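Have the sequence and the 3D view open as you read.

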There are 2 protein chains.
Amino acid sequence: MGAPQTLEKLHVIDRENRRLEWTVAVLRWDQETYLPEKGVEGRSEQLALLEGIAHERFTSPETGRLLSELGSVPENPEGDEKLPPLERDFLRVFRRNYDRAVKLPKEFDSAAARAEGLSQAAWINARRNNDFSAFLPHLIKMIDFSRQRSMYWGYADNPYDGLLDIYEPGMGVDEVSEVFIPLGDRLSALLKKIASCPRPDSIFLDQDFDIERQASFNRDLMRRLGFDIHRGRLDVSAHPFTTTLGSDDVRITTRYLPRQIQSSIFSTIHETGHAFYEMGFPDDIRDSCLADGASMAVHESQSRFWENVIGRSLSFWEAMFPVLRSYFPGALSLVTADDFYRAINLVEPSLIRVEADEVSYSLHVILRFDLERDLFSGILDPADLPAAWRSKMKDLLGIEPDSDASGVLQDVHWSMGSFGYFPSYALGNLYGLQFRDKLVSDIPQTEELISDGNFAPIHNWFRDNIYIWGRRPQPQDLLKTVTGKSLSAEPFLRYIESKYAGIYGF
Amino acid sequence: MGAPQTLEKLHVIDRENRRLEWTVAVLRWDQETYLPEKGVEGRSEQLALLEGIAHERFTSPETGRLLSELGSVPENPEGDEKLPPLERDFLRVFRRNYDRAVKLPKEFDSAAARAEGLSQAAWINARRNNDFSAFLPHLIKMIDFSRQRSMYWGYADNPYDGLLDIYEPGMGVDEVSEVFIPLGDRLSALLKKIASCPRPDSIFLDQDFDIERQASFNRDLMRRLGFDIHRGRLDVSAHPFTTTLGSDDVRITTRYLPRQIQSSIFSTIHETGHAFYEMGFPDDIRDSCLADGASMAVHESQSRFWENVIGRSLSFWEAMFPVLRSYFPGALSLVTADDFYRAINLVEPSLIRVEADEVSYSLHVILRFDLERDLFSGILDPADLPAAWRSKMKDLLGIEPDSDASGVLQDVHWSMGSFGYFPSYALGNLYGLQFRDKLVSDIPQTEELISDGNFAPIHNWFRDNIYIWGRRPQPQDLLKTVTGKSLSAEPFLRYIESKYAGIYGF
């Protein structure tokens, strides 16, 4: 069989696999948004079955045979050298996915999926009851499954390297530490400096903002940003997320707190940034494994760019504050765009990453990175996690949670067995500002566009420079192609030090 | 391999098949409720893939081999005689499902699916243009495919018997005619009698009822009826339906018309009745093919019992009207429970079944049955259908459509090749009243319970007498077991003649 026919068969397998992944995504989206409480167990069984079937079909002997016809060594450039670049990238990514999938035994995979469903349900209850001990056995299982997974896949120096590499190909403990150490030092210093300055007024944010009106404003806002409502939705879940259920079905969620309107606004903008990426892949990679972000951190660079660099800028609120005020004319009648800008950029170390300001945000991530690294190296016992959490929190951010619910139990990721994922959040900040510098050098009037509420040119720049490639490049190569530079914390630190010097007047 | 091991393997196949069916149900539920407009094409691809996988796994050679180990002739009592009753029932139903799935050649199935797609498109246009002749060639094909399908499956005397048997096992043309003839005669006579009486006032229903408040009332109502909100949901779709997404996940939908509050109320109660059945199966048949209604008509007996026998009774509104009025104090301030009861029981022959009153409802079904029977026996030429429709309509309901669009072309079922399905709707009324008579003889204070809004004892009676059996008995045997009697139109006719004599005063 010639290479074109072999490749075509791999494309068929790949498309089928994507459709099964999307079906799984429908089940999961429903679980987070509308599933009746007692339906959780049945849903876990459905998920385990479907993931098992997807795995079985994707990793069938036929797939392996077709791949070896095209060069048996994974990512072997010689085997693929006569292919056009798009097919070469397809084959590299397909091989990586296949490799990841065949290395995990089927029974392991379904057991993990089942355990994850139960773990998530247990976490929800544990957090509600502030009862870490009820969650601990699940957490231990999740760590153990992750360690085994990393062993099956293989890793450089320790299992945590293998987990980091899943989300950020090419990154291990050493590479992450190299940027996180200066990042942590300079952010902690900035935090201290800010703590000595007078605090901007934000009291007007502490009013009752009707949830139905918040929901209307958020729908309005996402449309103004350019979200195509015929290809996606906004719903409510405990923890905001973006999920892709099909090439033309990308859904985001947010949550509404009556007295913190900024919470829903910034999570909506954040998830909209993710959705733009997912909705922006070009037709030549539609329905394929290449229709995906280059990495978790590159994905996060998009959400955090829209959330912070745009969404927390003064220019943005010059355009949007009049709109927001039209939804809440009473509560915001005496507030100006500038007041609002200062209030939403209030720096105040808080207990939870998702609600954190831009300065302390990455410190939360560094906390997780340090704890995960120590859990996997065996230095830290999971049972000691609540205490370790409190102590790290004190070191990095200078505060301590008064309950495990707002400490170690605050977040869904560990309950799903997602370890190695957190660093992406801070790496995303770094990528995002490196992209921003290039965007501004290509489109010098970027600030004016934002203050006019005209986001299309910015959108197009991201489409032409980032979205268009999907998962084709390795993240470090994409960064180099777009910006000409390697990963660095410098652009982010320059941006944040200058922005907050302006707000706090030092 | 011994029978217990073989059976256990069939149970595994059966449970897996149910989980895949439920996964398909999640995709379909989402499609009808929340899917973004442009996601439809991707969703169709996911559904086709998943249904193909489910079919392939259920009909694998392994399934056939296991079944033949337990006695190769379908429903062969000798092969199963040593099994306990529950396993014997499981095997009978599993065999029936398997049989249905394997008897249609794959080419036939895809040719039929293709023709159905074209037929539905042609029907949409034909109805729009009021042009039956454009739909006729497709209708002829649909009849022909149904006739062939019935031949593949096997039938008693004529192909229509086979189609009736799909939805109502054990029922053929003769059995249905035996109850439909007296039913048609007496309902037509009742309709004439009512037409000569003064019409109850229903003008107060034609007011603006806020949709959000309707939704709140419907949620309240379903909970008061006993719907367990931790095991199900209420959402909105174009056409109301009930769907099961798992043993503890049964969802219903309704639709809200601002000026017809009764529309959402009665479709909510109707679907709640279906949901009670689906939620009521006992643990010994959980997750198996036996956790299903005994038949379409028995299912319909539950929905129509709650919708009409309870939901359109004066006792019910004595309990519920004060609740309804508390949601719409302005619109209903001068209305009494008795006024409301009379208004929602207004009898007025209309052209379309779905909005019909209790008296004319079954006549719409009889019209379909007569026409379908004559089409399949060859007495009626499909080309003569428009004239036959008008003449039957006149005979049975005393009215005539002014166009084929609102007559023979009104409904989607025939365009999809769904013949034999309609009778279930009226048979459900008959089963329902036979069950009611037994319920009232077991619980004489039934009316008082209803007017107290205390539905639990009624619920428990249905659970102990109907739900508990699931799909185990043949519908006629269930009826006999519960009521000691065979199918008859008498209880329904007694109920309806007495109820409407009361309302219309004759």
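Asn130(A) is partly exposed, with a relative accessible area of 37% (buried means under 20% relative accessible area, exposed over 50%, and partly exposed in between, using a 1.4 Å probe and protein chains only). You'll find Asn130(A) in the loop between helix 6 (106-129) and helix 7 (132-153) of chain A. Its phi is near 50 degrees, a positive value in a residue other than glycine. Helices here are DSSP runs of H or I with at least four residues, strands are runs of E with at least two, and both are numbered from the N terminus.

Over in chain B, Asp287(B) isn't a glycine either, yet its phi is positive, at about 65 degrees. Asp287(B) sits in the loop between helix 11 (261-279) and helix 12 (296-310) of chain B. With 8% relative accessibility, Asp287(B) counts as buried.

## What this model is

This is a predicted model, where local features need pLDDT of at least 70 and side-chain atom pairs count only at pLDDT 80 or more, while totals for chains, interfaces and linings use all residues. Residues are numbered from 1 along each chain as its sequence is written, chains are lettered from A and ligands numbered from 1 in the order in which they are written, and side-chain values use heavy atoms, with hydrogens and water left out.

## Where the chains meet

Chain A puts 35 residues into the contact and chain B puts in 35 residues, with contact meaning heavy atoms within 4.5 Å. About 2,900 Å² is buried between chain A and chain B, and carbon and sulfur atoms give 58% of that. Buried area is the accessible area (1.4 Å probe) that two parts lose on being put together, summed over both.

There are 10 salt bridges between chain A and chain B, each a side-chain nitrogen of Lys or Arg within 4 Å of a carboxyl oxygen of Asp or Glu. One of them pairs Arg43(A) with Asp249(B), whose closest N and O atoms are 3.5 Å apart. On the chain A side that touches chain B, the elements giving two or more residues are helix 1 (3-33), helix 2 (40-58), strand 1 (232-236), strand 2 (242-246) and strand 3 (249-254). Helix 1 of chain A gives the most, with nine residues.

## How the copies relate

The copies meet through the same surface, because 100% of the interface residues of chain A are also interface residues in chain B.
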